[in-house]
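Reader: I am new to this structure. Please take me through a few of its features and say how each one is read.

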Amino acid sequence: MARRHQTGLARIRTIRCHATSDDIASVSLDELDLPDPGPGEVQVRTKACAVNYPDLMMIQGTHQHRPPLPFAPGGEGAGEVAAVGAGVSHFREGDAVCFGRLSGGFAEALNVPAAAVDPMPANMTYAKAASYRTAYTTAYVALVVRGALQPGEWLLVHGATGGVGLAAVELGKHYGAKVIGTGGRDDKLAVVKARGADAVINYSLPDGSLGGFRHKVKEITGTDGADVIYDPVGGDVFDESMRCINWCGRILSIGFVSGRWPAAAVNLVLIKSISVIGVRAGEIGRRNPALGSQIRAAVADLAHGGAIDPYVCAGFPLERAVDAMRMLQNRSVVGKCVVTMNGYTFEGA
């Protein structure tokens, strides 16, 4: 546990990557001295930090953001304010907060720009507060800002058992859509159904390949397919989605966790008059700061108002951070998993 000094935390433990490697177990548990927060910074005593795919990709050197070595993974977390730097007046020591950054969260404490810190929703645990910002911001940008989802529309959510997928299921229902969730395991899909999906589809075949889900989607909707399709998977899933989308539907391309970038069948885009829409939630704020601030405020309002409830399936102490990342890498996570520290114990989903 980190040791206090006059204004902040001096000696901390952290998980750090010293050299990029395909093996995420190459990270080490280090001890180091953390300086006091600088002007405009907040020092956060971390309680929980969510595990996300970019953490694995940065360790492997395949992410577009490549922090200087050595670095700590971890892009979003929650904890308590340990100290504040000069010029910071809206946070005090002991405040419960959550933060977002590109890396650095797998540490008992870290200094974060005050602009990247928000009050923690009072209705959330540290694990949930550490897990909502990225997933729900992505889902909000996709469904509301880019997809213009309307009440009563059919929303098809691929990868519904993952963090951004479950967030889309929850927000889709919040905004009045009828939601179908897809995934590859019945036990995971049972969670999606329990979290509000109107229907779920297991699109995997016994040999591990993708089954044709287009007919099931059309049967469930009673139309030519879904009005909006939320796709963080890509590959064959995208190809099949092109054949179960309704007239004037919108396919939201979130990512390519399947490992293959699909090519849109332009003949179907023309014949069905559909839109293929790219979604880069983080880039919106960088290119349009005013809109980014509006989005951040809207998601925070949803969180503080109790409209969203992140599903966290597992928690691992800091010294077992590799196990948490392995769980994500092996696709065993439903929703989110977190790394915990400073005496915080994961309470369960």
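Reader: Where does Glu-108 lie?

Author: Glu-108 lies in the loop between β6 (96-100) and β7 (109-113). Helices (H or I, at least four residues) and strands (E, at least two) are DSSP runs, numbered from the N terminus. This is a predicted model, in which local features need pLDDT of at least 70 and side-chain atom pairs count only at pLDDT 80 or more, while totals for chains, interfaces and linings use all residues. Residues are numbered from 1 along each chain as its sequence is written, and side-chain values use heavy atoms, with hydrogens and water left out.

Reader: Is Glu-108 buried or exposed?

Author: Buried means under 20% relative accessible area, exposed over 50%, and partly exposed in between (1.4 Å probe, protein chains only). Glu-108 has 1% relative accessibility, so it counts as buried.

Reader: What does the side chain of Glu-108 reach?

Author: A polar contact is a pair of N or O atoms within 3.5 Å; within protein, one must be able to donate a hydrogen and the other to accept it, and residues adjacent in sequence count only if both atoms are side-chain atoms. Here the side chain of Glu-108 reaches the backbone nitrogen of Arg-13 at 2.8 Å.

Reader: How is a pair of aromatic rings read, and how many aromatic pairs are there?

Author: A pair of aromatic rings is described by the distance of the centres and the angle of the planes. Rings of Phe, Tyr and Trp (its six-membered ring) pair if their centres lie within 6.5 Å; planes under 30 degrees apart count as stacked, over 60 as edge-to-face and the rest as tilted. The count by this rule is 2 aromatic pairs. For Tyr-126 and Tyr-344 the ring centres are 5.4 Å apart and the planes stand at 80°, so this pair is edge-to-face. Tyr-126 belongs to helix α2 and Tyr-344 to the segment after β16 (336-340), so the pair ties together parts that are 218 residues apart in sequence. Tyr-126 is buried, with a relative accessible area of 16%, and Tyr-344 counts as buried at 10%. Tyr-203 and Phe-213 form a tilted pair, 5.9 Å centre to centre with 40° between the planes. Tyr-203 is buried at 14% relative accessible area, and Phe-213 is buried at 0%.

Reader: Which residues have the most contacts inside the largest nonpolar core?

Author: In soluble globular proteins, nonpolar side chains tend to be buried together. A nonpolar core is a set of buried Ala, Val, Leu, Ile, Met, Phe, Trp, Tyr and Cys residues joined through side-chain atoms within 4.5 Å. The largest one has 52 residues, and Tyr-132, Leu-155, Tyr-230 and Leu-252 have the most contacts inside it. Its largest share, 7 residues, comes from α3. Another core lies apart from it, with 23 residues, among them Met-58 and Phe-106.

Reader: What is the strand order in the open sheet of 6 strands?

Author: Two strands pair if DSSP finds at least two bridges between them. The order is β11-β10-β9-β12-β13-β14, with parallel pairing. β11 (199-202) and β14 (275-278) stand at the edges with a single partner strand each, so one side of each is left without a neighbour in the sheet. Strand β10 (residues 178-183) is joined to β11 by 4 bridges, and Gly-181 has Val-200 as its bridge partner in β11.
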